[in-house]
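The following exercises concern the fold of a single protein chain. Each task is followed by a solution in steps.

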Amino acid sequence: MVKRIFLIFMSALLIALLAVSTVGCGCGPEEAEAKALVLDLVNRSQELNRIYYGKGLSYKDSGNPNDIYMEVSESEKYCLKSRLLADTRKVFSDTYATSIINMAFNGVASEINQNSVQARYMVRGDDDWLYVNKSYKPLVNTLPEYDFDTIVITKTSSRFIEATIEAVVDVKKETKDGTVIERKKDVIEVTLILEGSVWRLDSATC
């Protein structure tokens, strides 16, 4: 009887320890896999960074100085809003993708109309063809130049990956003659999250 009770106790203890160890490990990806995921997503984000934050999509000038929005150039990879949004959501998390899409297509309005920002892109009616705001000022003059050999995985779990990458970036410096932009080395922190069964970026990469 005592032996049976002891066996039951040990079985319950082993089950509890197994459950704790499973939760504790997080079951995240191995370092090599995590680095490959970071490299792939950050690399794919560069073109989207150019579109949303940098130089933006090129356009065909209508010749009318009163026109603010111009048709996107047919030479661009993204001429259709639906395709741009689909690829944005393949790279960035749902929350982050929604925020940059809203900024690009809705702009930012303020109650007193100060610091308002017009939408960078638009479509007309039910048409899917993109139009570009010719007066929009890019948020970033030059995008980062990543050194993918410097990827360091700082934390992983079954739901997220945190990493750093060294890059050359623009740094604003105030001088007596005004603001000067210098190119310097920096470390960019990136976060990936697992949505369903797909890893996506959940942070800015520029």
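**Exercise 1.** Determine what share of the contacts in the protein chain with a separation of 6 or more comes from residues 24 or more positions apart.

Solution. Contact means heavy atoms within 4.5 Å. Among contacts in the protein chain with a separation of 6 or more, residues 24 or more positions apart account for 56%. The model is predicted: local features need pLDDT of at least 70, side-chain atom pairs count only at pLDDT 80 or more, and totals for chains, interfaces and linings use all residues. Residues are numbered from 1 along each chain as its sequence is written, and side-chain values use heavy atoms, with hydrogens and water left out.

**Exercise 2.** State how many helices and strands the protein chain has, and what pattern they follow.

Solution. Helices (H or I, at least four residues) and strands (E, at least two) are DSSP runs, numbered from the N terminus. The protein chain has 4 helices and 8 strands. Along the sequence, their pattern reads α-α-β-β-α-α-β-β-β-β-β-β.

**Exercise 3.** Describe how helix H2 and helix H3 cross, and which residues meet.

Solution. Step 1: the axes of H2 (residues 31–52) and H3 (residues 81–91) come within 10 Å and cross at roughly 140°. Axes are lines fitted to C-alpha atoms, for helices over the stretch in contact, and angles run from 0 to 180 degrees between N-to-C directions. Step 2: H2 and H3 are therefore oblique to each other; angles under 35 degrees count as roughly parallel, over 145 as roughly antiparallel, 65 to 115 as roughly perpendicular and the rest as oblique. Step 3: residues of H2, including Leu41, Arg44 and Tyr52, meet residues of H3, including Leu84, Asp87 and Val91.

**Exercise 4.** Is asparagine 141 buried or exposed?

Solution. Asparagine 141 lies in the loop between E4 (131–133) and E5 (145–156). Its relative accessible area is 59%, so asparagine 141 is exposed; buried means under 20% relative accessible area, exposed over 50%, partly exposed in between (1.4 Å probe, protein chains only).
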